Amino acid sequence: MTSASTNVLIRLIERNPSISGAEIASELVPPPQFEHASFESYRPDPDFPSQQEALDRLGEFAAVWRAQRPGGFFSRNRKPKAELPGVYLDGGFGVGKTHLLAALWHIAPGPKYFGTFIEYTALVGALGYVPALQLLSGARLICIDEFELDDPGDTMLMTRFLGELMAGGTRVAATSNTPPNALGEGRFAAADFLREIHALSANFQTHRIDGLDYRRRDTEGHAEALPDTADVTRTAEALASRGHLVSLDGFDELIAHLATVHPAKYIKLIDGVEIIALEGVHELNDQNAALRLVAFIDRVYDAEVPIVASGIPLDEVFDGEMMAGGYRKKYLRAMSRMIALTTGELPPHD
């Protein structure tokens, strides 16, 4: 229970948060689940040697900072070998990439930032290119989780943005998702990443991580849905009566409201909320609406806010045309997260 708890239900559609550049930057840290992530706590799967190789690779990448610490291993014995300023981890869902990325962030000296690709593009969109660049200039490390190549404009923007930061001495670590054993869906593989950021490709070493998707392994079936709207209302009211801060909104109303809120502000939209209740979930046919929902679910998932909903299961909201299109990877990730958010148990993360 939080200090913001109340017995009165709130509506997300009545929230219109504002956020400053400094506040956006302050949110560019690993999600709470990875607050204590470390290389030591990462457990590579012995059936997939590439996980241990990735751990070793990032350990080498971090050696430069470790050498700078008084009494560090490298400072006493030997200099770390020269490293490229960028490292890129390519792999499927749930193989430990985010854990490793967060562990690297924790080791790095500040200033440093950690966010998803969408969060960085939202930062530029909210502040403007030059102010965003000034805000992050001087960073020792920029971590980009789930680098996305499906929007040429955003890819070009981030390539230029990162190029200017790296020219100033910033190091960059990035991940992406490539569904394993999915021939034809590997457009986010390392070769494609290097091709799309060709101006920066010589600065990156790449590493592929194979393994099982923990979310798919531990959370099977569909997102859970209550029979009807009345059930959602009763559930939301009961939870609120116990002191939880619960939001209750119609699905259509929330989707419409998301269009009026910049994605950079989604994190403040759910600030303090402990349970999200949605009435009347149905299939979406508008791609822009679907992509806004994906961005919203990312923030909800990072904040570990469970969802109760009526209508169709949330993982069925994307229509067949969307699932066959270029944003399939985003939708698969969102589906996996919506299953976790509605089943009451958040399984291990990336």
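Helices (H or I, at least four residues) and strands (E, at least two) are DSSP runs here, numbered from the N terminus. This is a predicted model, in which local features need pLDDT of at least 70 and side-chain atom pairs count only at pLDDT 80 or more, while totals for chains, interfaces and linings use all residues. Residues are numbered from 1 along each chain as its sequence is written, and side-chain values use heavy atoms, with hydrogens and water left out.

I start with Thr-342, which is found in helix α15, residues 328-342. Is Thr-342 buried or exposed? Thr-342 is buried because its relative accessible area is 7%; buried means under 20%, exposed over 50%, and partly exposed in between, with a 1.4 Å probe and protein chains only.

What does Thr-342 touch, leaving out residues up to four places away in sequence? The partners are Ala-223, Glu-224, Ile-307 and Leu-314, where contact means heavy atoms within 4.5 Å. Ala-223 is 119 residues from Thr-342 along the chain, yet their C-alpha atoms are separated by 5.6 Å.

The side chain of Thr-342 also reaches two backbone atoms: the nitrogen of Glu-224 at 2.9 Å, and the oxygen of Met-338 at 3.0 Å.

Ile-307 is in β8, and Ile-276 stands opposite. Strand β7, residues 275-281, runs parallel to β8 and is joined to it by four bridges; two strands pair if DSSP finds at least two bridges between them. The open sheet has three strands in the order β6-β7-β8, with parallel pairing. Its edge strands, each pairing on one side only, are β6 (246-250) and β8 (307-311). From one strand to the next the twist averages 10°.

Helix α10, residues 229-241, lies across β6, β7 and β8 and runs at about 170° to β7. Axes are lines fitted to C-alpha atoms, for helices over the stretch in contact, and angles run from 0 to 180 degrees between N-to-C directions.

Last, the pocket search. On a 1 Å grid over the protein atoms alone, a pocket is an open set of points where a 1.4 Å probe fits, with protein on both sides within 12 Å along at least five of seven lines; lining residues have an atom within 4 Å of a point. The largest pocket has a volume of about 670 Å³, volume being the space filled by probe spheres set on the points. Of its 39 lining residues, the closest to the centre are Glu-27, Glu-119, Ile-267, Arg-299 and Asp-302. Which element gives the most to that lining? Helix α13 does, with four residues.

Terms used
Polar contact = N/O pair within 3.5 Å; in protein donor to acceptor, adjacent residues only side chain to side chain.
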